[in-house]
Structure formats: structure tokens, C-alpha cells
Amino acid sequence: MQREEKRITKNGVEIYSYKNPAIHGFYISLFLRAGSMFEDHPGITHFLEHAAIRNVGAIMEGGLYPTLDKYGIDFNASTFSEMVQFYISGASENFDISSEIIARLLSPIILSPSEIKTERGRIKAEIRESDDCTSLSTFSNNIVHEGTRLANLITGTLGSVEKISGKRLEEYRRSVMTAENIFLYVTGNYSEENLEKLSSEIEKYTLDRGTKTENIAPVCEKFGKREAKVYIKNADFTMLRFSFDMDMSMMTVAESDLLYDILLGGYNSRLFMEMSEKRGLFYDISGSSERYKNIGTLVFSFEVRGGSVYEATETAISLLRRFKQTPPSEDEMMKAGYVTNAYLLYDEPRELNFTFAYDNHIMDAGYRSIEERKESYSAVTPERIRDVAEIIFRPENLTLTLKGNKKKIDVVKLEEIIKKL
């Protein structure tokens, strides 16, 4: 049975690996425990993500992109509230050269002022071209996470990004890219010699020991003490967003996953079937489950006709109220993706990489193997899902935000509806 393995480089960096010799490619991630919820300067982690990759190109004297194209290698990164994932992947025969590339992310930033200016321009263009500043999501996050850094945009703002210099980026890189605060995760098909090569490449760089940043989110003063309030952003269409506070000390990752899937995740998900398939209130519904070790937010949103806003809210609240009263059936538990189909994850090195890195080393769920993860989901009962629903779906946890015509939406009426939860 394959299981997660661990080694530590001579300079103190942890490398985790989960091998599948039956496939033909590899996936290496370097995770940095830094993000917008830890920042003193909004957007600096996202800027560092951009600058670190450009810096690899500078070190390789313009040879990075030609090398990636020559060998068919994918090299990129994503920044989240609590972490950055740099990743590189390709055919197994190109593991060693990819190790050299991803290790260069640990190099001091040598970019010239003009290169920093160019990258700053790209990030500012990214901010301008997104709809983050005007979206219902950002409007909602500013309310749900009021007074905390979770309300900040991951990209930062045009003003905050303008103030970030190359010197400031290098100071920040040294403070967060430390031996304790990064780790690597390797999946796919590779050899022991490949892992030795990766280790030796990481060991070329001098890193401060540092400290591990814990995945503990800042908590809004109103967390768990909402007052059934409704907030509206004026618009010429109507969209609703339900955001529920989650106390992660009262539930497991598996329990929150399964509850989310029953509501939103499958073909037969309750909200979709009741509100779209049966009532035709909308065509589609979107959702997310944002989780940290201490707290989280379960969100779902949909667009409706202006005249259907009260019916849609009544229907959603009624459905959630029933969810708290009666356990789902075994057939409705949505375990197939985690139990019956557990080993499909083994065949997807990218998904396996992120899932095990995130669950084990960001959320500290502690799975050593797919079998252990499978067992944790198998053990969740319908009664426990009902209990978790009772914990989450309360008026004191709910923030309802809308985009719509402020003059035509009766806020008091909506607040009376959500108080029924």
C-alpha cells in the first residue's frame, strides 16, 4: 500500500511525497505559508508570487520560458488567503530539470527596478481587469470579515501595489521563505534518485530557520453573533449571497465537506433540485467552503428575477431549517467521491498533490494514505451531518447580502424571513 512519505533536507525543509508508479508524469509543489490574512502590506504575498517566478527567469538569463516549452513543462503559482502554491509538472523523464527550476524560487530577488516596475504594471492590470472591486463576493467579504485582514483582496489594491519596491519584496521573501514556513509535496511517478535530486537542489540555498505560520484566521467581532441583517449593493439585476460562519473546532474537514456536497455539490444537491429543477427560480447556483483551522465560511449564491427575491429566500431558509431537523438518508450522503471513488485521486497527481498537502499540512487533518482519508469520510453518519447543520445554520451565523434595486427590495421583510432559520 502506497502512503505519504517524508524526508527533511539538510537545510531543514520538509519534502512529502506520495508515489504512483503506474502513471507517466510528476507534480511538484512548493507551498509557502503566507497570504493576505497574515500581511502587514496588502497584496505583497501575491506580488512575491509574481516576482519569484520572474526572478527564476532572470537567474536563467531569459532561458526559463524556452526551457519550459522545450520540455513541455508547466510552471505556475496561485496565491490564497493563507498560502501560496508554486507548482511544476511534466513527463517523469523531466523531473530532474524541473527540480532545478522550482528550487530557484528560493533565490534572493535580483530583479532590476525596471523589471519590478514591469511586474507591478502586470499586477495592476490584473486588478483593473478583474471585477473584484465591484463584485458581490468582495462586498460580502467586507461585511463578513469586517475589521480583519480576511476582508483584504488577495491582489491588494492599485495603491498598495504601487508602494511595493524590490527591496521590500526581498525583505518579505526572507521573512516568509524560511525552512519552517515552506514545504514541498511530490506526486506522480518518480524514482528515489529523483527525490534525492530535488533534495540536493533545495539544499543549495541558505534559508533562515524561521517559524511556521499557523493556519489560524483572524476572527471578526461579529463572528457567530450576527443579527439577521441584510445588506444591499445597488445593481440593475438581483443576486443573493448567503454566508454562514463555521466554527471549525466543532466539526471535521470530512463532515464539512459532506454537508456542503449534500447541499450544493452533486446532481441531486438539495438547493439545486428544490430551487432550480423544481421551482425554476434560477438556472444555476454557486458555492464555496472557505476553511481555516479555527473558523470558516460556507457560502452559496444565485441570481433571480427581482420579483422572486422573497420566494427564493423563503425557499432557501425553509430547506436549511428542514436540514437541521431530519438526518439525510444514507443514499444522500454523497460519499462516493471520497469512498467508492477514493482511488481516482491516485490517478490525478495534481489533485492528489493539492488535496494531501492542504488537508495534511495546512489543515492538519493527518491522513497518511488514501485509505485513511477514505475511512474518515466513511465514518461520518447522517445523524452527525444533521448535528453539523444545526451548528452552522442559525440566524446568528448568517449574513445575507444582495445586489439589486435598493428602492424595490424590502430589507425588513427579508430580515424577518431569515430570522425564521
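Reader: Which residue stands opposite Leu-184 in S6?

Author: Ile-15 does. This is a predicted model, in which local features need pLDDT of at least 70 and side-chain atom pairs count only at pLDDT 80 or more, while totals for chains, interfaces and linings use all residues. Residues are numbered from 1 along each chain as its sequence is written, and side-chain values use heavy atoms, leaving out hydrogens and water.

Reader: What makes S2 and S6 a pair of strands?

Author: Strands are DSSP runs of E, at least two residues long, numbered from the N terminus, as are helices (H or I, at least four). Two strands pair if DSSP finds at least two bridges between them. S2 (residues 14–19) and S6 have 6 bridges in the parallel sense, so they pair by that rule.

Reader: Why is S6 called largely enclosed?

Author: Buried means under 20% relative accessible area, exposed over 50%, and partly exposed in between (1.4 Å probe, protein chains only). In S6 (residues 182–188), 7 of the 7 residues are buried, so the rest of the structure largely encloses this strand.

Reader: What makes Glu-201 and Lys-197 a salt bridge?

Author: The rule asks for a side-chain nitrogen of Lys or Arg within 4 Å of a carboxyl oxygen of Asp or Glu. The closest N and O atoms of Glu-201 and Lys-197 are 2.8 Å apart, so the pair counts. The two are 4 residues apart in helix H8, about one helical turn.
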